[in-house]
Amino acid sequence: MKAKTLLAFLCLALPALAQTESQWVLSQSTLTYHVSHPLHQTDGVSHAARGKGVCHSGQCDFLIAVPVKSFDSGDSNRDLHMLQVTRGGEFPMVVVRTSLPEDASASATIHADIEVQFAGQTARYKQVLFELTKQGNDAKISGTIPATLTDFRIDPPSLLTIAVKNEIPVRVEMTWRKEK
Amino acid sequence: MRMRAKKLVTGLGISMLLLCLSTPLRAQVTATLAGTVTNQSGASVSNAKISVKNLATGQSVKTQSDSAGLYHVPNLVPGDYEVSVSAEGFPTSTAKVTITQESNQTLNLTLGGVLSLGDLGFSPAQTQGSAQDQARLDKRSHMLKLHQRIGLIATAPIVASVITGTFAGGRSTSSTDRWTHLALGSAAGDLYFLSAYYAIRAPKIQGTETHGPIRLHKILAWIHGPGMIMTPILGAIAFDQKSNGEKVHGIAKAHGPVAIVTAAAYGAAILSVSIKW
């Protein structure tokens, strides 16, 4: 009888144990790139990022993607020019991948190795610092990706024959919601 | 005994010669690595970037998959290689392969990852770009750069013709003043319309709403554009009247004011896209 009970328990419990996956969904985001030029300081902002994280066996894989053309710098002509120099017609998405331990959400800071696909190139950034604050099921993450134009083989655009700086830091502010 | 030694030396010499000749021939043996790039559902992936790295020399050869997902890398010397493949929306996948002396070797590559762009709700139309879209953007930027450069060059004869206009339109003007003004005005007009041609003919990008300083730049074109048509017409009438010894009269009197408004709108149009508001 005991053996039957144990067997029944195992039959019921094993599928449940196998489904320990949880997932994170990006609920809000603000991504801002900054371009420096002696005459202009430009920020391009996008709220159009979508993201998902899938956790399994203590490890979470995250995928975040945002259309290149969703960045708005306040001038449609500049945005189209940016779309051209970043080869956004051919490569319309910025795709970011990272993998983190599931318990990373318990700490106040995260050091993430991230892979960014942009302009037909892939760049990897090691140990990028993000600050994390938790509010219930939500986790707010903010940090800056130290991107440069040369990382993605982008010719620096110029205004009045003066090229913009190579550094284009991308400020990331995201709210993730945990779903079982 | 000496004969045997001589034969041995000759044999060795021939063997060495054959070895020397055969080594370059052996070094030229290369193989082609080819295959198909697919995603996890088996669909072919075009424009995937494939890098084939010789692990002994560290040298890499790069190629891209075609529209059917096919790729091929010729002229690989035998050895161990690391093949990495990446594509828009997929993480980089790597595989090891040993190239032998067979002329053709197949290595099918599968792009994977726990999550794909489809999982985020993006449609293929959103995630897949095209060379045509990029070519359209490239052409637009190229034409607008020409518009900008020629437009900036046109500033010089526009300013000069406004200045010389004050001499050409006065009471005691000479025909030289008028001709100088006419020449500068013509140069300004030619450059202006050439610049305008590139702005008007630059490809439009669908789904883009004009906003920001470029909006003001375009609105000002509705002032300096008609002005650049009216100014030479009125100028020609004024030129004839002056050449006939008459005082500028009638509609021709508007030549100066129209030219000044046109030049001011033109200057404001340049500033609208040069200075951050």
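Helices, of at least four residues, and strands, of at least two, are taken here as DSSP runs and numbered from the N terminus. The legends below describe close-up views of a predicted model.

**Figure 1. The elements of chain B and of chain A.** Chain B is built from 6 helices and 8 strands, and, when its sequence is read along, these elements come in the pattern α-β-β-β-β-β-β-β-β-α-α-α-α-α. Chain A holds 2 helices and 11 strands, which follow the pattern α-β-β-β-β-α-β-β-β-β-β-β-β along the sequence. Of the 277 residues in chain B, 22% are buried, and of the 180 residues of chain A, 34% count as buried. Among the contacts in chain B that link residues at least 6 apart in sequence, 65% join residues at least 24 apart. For chain A, where contacts with a separation of 6 or more are considered, 58% of them come from residues 24 or more positions apart.

**Figure 2. The side of chain B that touches chain A.** In this view, 34 residues of chain B are in contact with 29 residues of chain A. Four elements of chain B, namely β6 (90-99), α2 (124-127), α3 (131-168) and α5 (213-243), each supply at least two residues of the side that touches chain A. The element that gives the most to this side is α3(B), with 8 residues. Sorted by class, the side of chain B that touches chain A has 11 nonpolar, 15 polar and 8 charged residues.

**Figure 3. Helix α2 of chain A against helix α3 of chain B.** The axes of α2(A) and α3(B) come within 9 Å and cross at roughly 125°. Angles of 65 to 115 degrees would count as roughly perpendicular and those over 145 as roughly antiparallel, so α2(A) is oblique to α3(B). The crossing of these two helices, α2(A) and α3(B), is left-handed. From α2(A), the contact is made by A:Leu80, A:His81, A:Leu83 and A:Gln84, and from α3(B) by B:Leu137, B:Asp138, B:Arg140 and B:Ser141. The residues of this contact of α2(A) with α3(B) divide into 3 nonpolar, 3 polar and 2 charged.

**Figure 4. Helix α3 of chain B and its buried residues.** With 38 residues, α3(B) reaches 54 Å from its first C-alpha to its last, which is close to the 56 Å expected at 1.5 Å a residue. The buried residues in α3(B) are B:Leu137, B:Arg140, B:Gly151, B:Ala154, B:Pro157, B:Ile158, B:Ser161, B:Thr164, B:Gly165 and B:Ala168. These buried residues pack against α2 (76-85) of chain A, together with α4 (175-201) and α6 of chain B. An α-helix has 3.6 residues a turn, so residues three or four places apart point the same way.

Figure 5. Is B:Leu182 buried or partly exposed? A residue counts as buried if 20 or more other C-beta atoms lie within 10 Å of its own, and as exposed if 12 or fewer do; B:Leu182 has 18 other C-beta atoms within 10 Å and is therefore partly exposed.

**Figure 6. Helix α3 against helix α6 in chain B.** The axes of α3(B) and α6(B) come within 11 Å and cross at roughly 150°, so that α3(B) and α6(B) are roughly antiparallel to each other. This crossing of α3(B) and α6(B) is left-handed. The contact is made by B:Gly151, B:Thr155, B:Ile158, B:Val162 and B:Gly165 of α3(B), which face B:Gly256, B:Ala259, B:Ile260, B:Ala263, B:Tyr266 and B:Ile270 of α6(B). By class, the contact of α3(B) with α6(B) has 7 nonpolar, 4 polar and no charged residues.

**Figure 7. Helix α5 against helix α6 in chain B.** The axes of α5(B) and of helix α6 (residues 255-274) of chain B come within 8 Å and cross at roughly 155°. The two helices, α5(B) and α6(B), are therefore roughly antiparallel to each other, and their crossing is left-handed. The residues of the contact of α5(B) with α6(B) divide into 18 nonpolar, 8 polar and no charged.

Definitions and conventions. Residues numbered from 1 in each chain as written. Chains lettered and ligands numbered in written order. Predicted model: local features only at pLDDT ≥ 70, side-chain atom pairs only at ≥ 80, totals over all residues. Contact = placed C-beta atoms within 7 Å. Nonpolar A, V, L, I, M, F, W, Y, C, P; charged D, E, K, R; others polar. Axes fitted to C-alpha atoms, helices over the stretch in contact; angles between N-to-C directions. Parallel < 35°, antiparallel > 145°, perpendicular 65-115°, else oblique. Left-handed = near helix turned anticlockwise from the far one by under 90°. Expected span 1.5 Å × (residues − 1).
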